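Trainee: I would like to learn how to read the sheets in a model. Please start with a pair of residues.

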Amino acid sequence: MACSNILYGHNSAGACKIIGGVETLYLTNSDNVTAVGTTGPTPLTQINSFTMGATSDFFYEFKQIQETSSLTMTPAANVQNYSLFYDCVLTLVFTDYNAELRYIVKSLADNNLVAVVKLRSGEYLYVGQELGLDINGGEGGSGVAAGDRNGFSLTFISRKDHLLVVLFVVKKKQGNLYL
């Protein structure tokens, strides 16, 4: 049953309205975030604030083209060691290959990042909180036909010992990110 709520055992109308994909991405160097404020009990903890190192530190916003970017969380278990962690893979698409885009790609590759990912369903997730988010691969080019993408597809990876934390959004501006 696609819209079933496993916790309560009944259909949830809200679960049927989920839309896939990444809408917007907010990136900053992991060193810029000095503290993360949370609220609520584990496992329902939500992030309600970020403390940035300097007033000039902020998240950079990257809008994503519909149905091009994704975030996957794959559990990896080792039963012999009783360990479980999650590989978080963030795939982003940047179009319009030009000098500015080349500089952005180089800057992203040179830094250990953290990201706030706004899903098309409206949820915000914090990626890279523990070990950061590093570029892991990708591809770029001009395309072949007139309608092909002219830009980059970049893949970032992060590992966590639990699922991603959801942000509690109350529309209080913090840098260029509303919390």
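Mentor: Begin with Gly141, whose bridge partner in strand 12 is Gly151. Strands here are DSSP runs of E with at least two residues, and helices are runs of H or I with at least four, both numbered from the N terminus. The model is predicted, so local features need pLDDT of at least 70 and side-chain atom pairs 80 or more, while totals for chains, interfaces and linings use all residues. Residues are numbered from 1 along each chain as its sequence is written, and side-chain values use heavy atoms, without hydrogens and water.

Trainee: How many bridges join strand 11 to strand 12?

Mentor: In general, strands of a sheet pair through backbone hydrogen bonds, either parallel or antiparallel. Two strands count as paired if DSSP finds at least two bridges between them. Strand 11 and strand 12 (residues 151–160) run antiparallel and are joined by 7 bridges.

Trainee: What is the strand order in that open sheet of 4 strands?

Mentor: The order is 7-8-12-11, with antiparallel pairing. Strand 7 (70–78) and strand 11 (134–141) each have a single partner strand, so one side of each lacks a neighbour in the sheet. From one strand to the next, the twist averages 15°, an angle between N-to-C directions on a scale from 0 to 180 degrees, with axes fitted to C-alpha atoms (for helices, over the stretch in contact).

Trainee: Which strands does helix 1 lie across?

Mentor: Helix 1 (residues 99–110) lies across strand 8 (83–95), strand 11 and strand 12, at about 15° to strand 12. Contact means heavy atoms within 4.5 Å.
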